[in-house]
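Student: I would like to learn how to read cavities, interfaces and salt bridges in a model. Please take them one by one.

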Amino acid sequence: MFVLEVFKSFRQKFGDSISHKILSSPFTYSFARRLLVRKRHYSLKALSEITDFGLQQAGEAYRGKKPVAWITAFFPTELVYAMGMVPFTPEIAAASAAALDLAPDLMQRAKEAGFDPDTCSFHRCAGGGSLEGLFPKPDVLLASSHLCDGAPQLFRYLSRNLQRPLYVADVPAYPDEESEKYLARQLENICFSMEESGRCKLDWDRLQEAIHNVNRARTAQLLLSHLRRENPSPLWGSEGLVTVFLTLQGEGFRRTAELWENLAREAKERLEKGIPGEEERHRLVWLHFKPFYSNELFQHIENNLGMKSVCEEFTSVFWEPLDPETPFLSLARKMLSNPSLGPTQRRLDWVTQLAREHKANGVVHFSHWGCRQAVGGTLMLKDGLQREGIPFLSLDGDCVDARSFPTEQARTRLESFAEMLEGAVI
Amino acid sequence: MGQKVAFTCSYVPPEVISAAGFQPLRLLPENDAPPVADAALPPTVCPYLRQIRQQVTNNNGDLAGLVVTSSCNAAIHFYASLHKEANFFVYLLDLPRKNSGDSTGYYARQIQDMAAFLEERGDPVKSDKLESMRQERRDAWKSLAKVSGYTGQNASPLPLPLYPEMRQLWENGAPNLKKRLEKHAVAQNPTAGNYSTGKPASDNNYNYDSYNGGVPSILVTGAPFSPGFLELLNQQEGFKFFLDECTTSRVLAPPSTEESISMGAEQDIWMTLASEYLEKTPCPRFFLQDDREEWFKTLISEGNYQGVIFHDLAFCDFNHYDALILGNVLESHGIPFLKIKSELGPGEMGQIQTRIEAFLEMIDT
């Protein structure tokens, strides 16, 4: 994910001597940021800036000057921003650990502590990282229950283990007026409860600012989405998935809005200048995440097979603009409008819409083994998309545990899928 | 009583189903292996849900409908896989994860919406009928709790020999069960080790006699058990087994708002029902003020258990983390713990038997 390349540089520099001390030091992240500027790894400046933003947040969390909130992947970070806290997402840390090849050790640590091997590897790795003391100390843990059953349970365990309070947003299964009000009251109460505990304070001006930032980011995201509908697209999946960090840990932050705007501007410039020598034989919608450990999946998909992801599910805009006059209700609406919430039909309709809008002729679902929500719906998605005439491939694997990704089998299946797409036009 | 309406979760109020003129039927795990290849649910989805999906899709017409709660992502997929294609109606009841005032209000509305849905397909759900059904069920629960030795604030785990009666409650409804229980002797607190027998009228061959002596008590908790798993426990001589899961003790705790249902306006009925169900003995899906660790500590402190067996359903995150938390509590109490991973199939029984026997042998020595 966002720190992958920088951490690779770390490994090259420090070899196996990467220690907990290095990873837990805020200076490491300052150093990584300087390194990032010099390396110019990404072809677009905005993508480097996203990585820089991630490193900045991580450094801030380890520095410990501001209260730190551990959050599950889909908790609204707008509230973290409004409370003046630093967000830290153990699931993102797990992805970084996978990139650093630390995940096997951390999952082993979790196994020794009693974690079941059936649980999601993001969570086993995050659990192991926490038990090892690798992560910045949290002041609070914030979880939302939607899309993932395991993360709130992991946070329950970690909350007891770390002796820090846990606040859970209970997200209903489908959106309507009642569920919006129910969720909005909870979000408000979570803020008030944190305030009462004296750990942080809700700043109403910052909350307004967060809402403004999200709307600003949304406009830029929509612009980028429109630009990516061009053929060839100015941004493909291997780069597009870098922005997942912004949607998981950056919503509501001013920097996030700026980065989306920068990315959209650069994408536009790319289109205007032309994208030489890049073949776009097939256009894909990419569902779920990708492997975060070292692998050549996207290189194979994009360079060898000519299949380019022009839209990623987790970075697409699905919500209406937020109303600054009703911030909690707006955030509740945003959470409840997530197409992956509730019965699969909603996700199916959404994916169909994305495929049509982006003129994609195939959909690939990276089926992360431990994800009940994503994997549980794949057969119904396949059936539904086939009825719409959209080819679908469920690629079995694991985002964090390289041992659970049958690489050769995946290559064969992707090659067969590419052959099948030859005749598929939407 | 009309056609059956099945349900999947102990938080569904069967009295609402009854009041709409249907016969409530809790779908329980069976001994059949879940299908490996299912058209809608991949093999890494909850085996209980895959198993009952097979049960209900083989429905020969006596099932009018099915109520599914949004208990987990797998359950929502289960609902989605059936609601358009089944030859019966399927309803998704949204279940909160908290029991605050807001959650109660939200759940009251959800139950009320479910009642409206059911009465469109059955009888009008009148408040007096609902209250009557509720009282019948409450009486049955109370009787069962009494026979099982329920004494305190929390529901005591159910003695294994009473499981067939509990199954009757789920499969045939409350009135029959109450009559059946009235015929039996009332037990004393089984956890005190002096449980007195009263063989139920069912044709089961569960051994009550072993519950008389001062033999070791084993708590069996976790996910719902298959009949094969329980038969296996029943064959183990020299031990008393007490069951704690969502089809046994977790429905026995008395509601805290016992009398309020008949006191207020009609809206109060839904609030009372919602409150009763949300305040019952919690399942691991819930996030309450007193969390799972406290609940397990209470459970352990109220019983004199020499060992704990955890029935861990494959691919169930709630179960996996519950086992992790319970394991830590038991470690601090020095109580032996056995986690049995299960996919509910008959093929795994041999291995489970070996592990249980080895565990009990270790305790015995």
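Tutor: Rolling a probe the size of a water molecule over the atoms shows where empty space is left. In this predicted model, the largest cavity has a volume of about 520 Å³. A cavity here is a set of points, on a 1 Å grid over the protein atoms alone, where a 1.4 Å probe fits but cannot get out. Points are joined across faces, edges and corners, and the volume is the space filled by probe spheres set on the points. By this rule there are eleven cavities of 30 Å³ or more.

Student: Which residues lie nearest the centre of the largest cavity?

Tutor: They are B:S71, B:C72, B:C316, B:F318 and B:N319, out of 32 lining residues; a lining residue has an atom within 4 Å of a point. Two or more residues each come from α2 (47–57), β3 (63–69), α3 (73–82), β8 (305–313) and α11 (317–333) of chain B. The largest share, four residues, is from α11(B). Helices (H or I, at least four residues) and strands (E, at least two) are DSSP runs, numbered from the N terminus.

Student: How does the lining of the largest cavity divide by class?

Tutor: It has 19 nonpolar, six polar and seven charged residues. Ala, Val, Leu, Ile, Met, Phe, Trp, Tyr, Cys and Pro count as nonpolar, Asp, Glu, Lys and Arg as charged, and the others, Gly among them, as polar.

Student: How much area do chain A and chain B bury between them?

Tutor: The size of an interface is often given as the accessible area lost when the parts come together. Chains A and B bury about 4100 Å², 55% of it on carbon and sulfur atoms; the area is taken with a 1.4 Å probe and summed over both parts. In contact (heavy atoms within 4.5 Å) are 45 residues of chain A and 46 of chain B.

Student: How many salt bridges cross the interface?

Tutor: Side chains of opposite charge can pair when their charged atoms come close. The rule asks for a side-chain nitrogen of Lys or Arg within 4 Å of a carboxyl oxygen of Asp or Glu, and it finds nine across the interface of chains A and B. One of them joins B:E294 to A:R160, with the closest N and O atoms 2.4 Å apart. On the side of chain A that touches chain B, α9(A) gives the most, with seven residues.

Student: What does a salt bridge between A:E357 and A:R229 tie together?

Tutor: Their closest N and O atoms are 3.3 Å apart. A:E357 is in helix α17 of chain A and A:R229 in the loop between α11 (204–227) and α12 (237–240), so the pair links parts 128 residues apart in sequence. That loop also holds A:P232, and the peptide bond from A:N231 to A:P232 is cis, with omega near 5°.

Student: What conventions apply?

Tutor: Residues are numbered from 1 along each chain as its sequence is written, and chains are lettered from A and ligands numbered from 1 in the order in which they are written. Local features need pLDDT of at least 70 and side-chain atom pairs 80 or more, while totals for chains, interfaces and linings use all residues; side-chain values use heavy atoms, leaving out hydrogens and water.

Methods
Buried area = accessible area lost by both parts, 1.4 Å probe. 1 Å grid on protein atoms, 1.4 Å probe; cavity = no way out; pocket = protein on both sides within 12 Å on 5 of 7 lines; lining within 4 Å.
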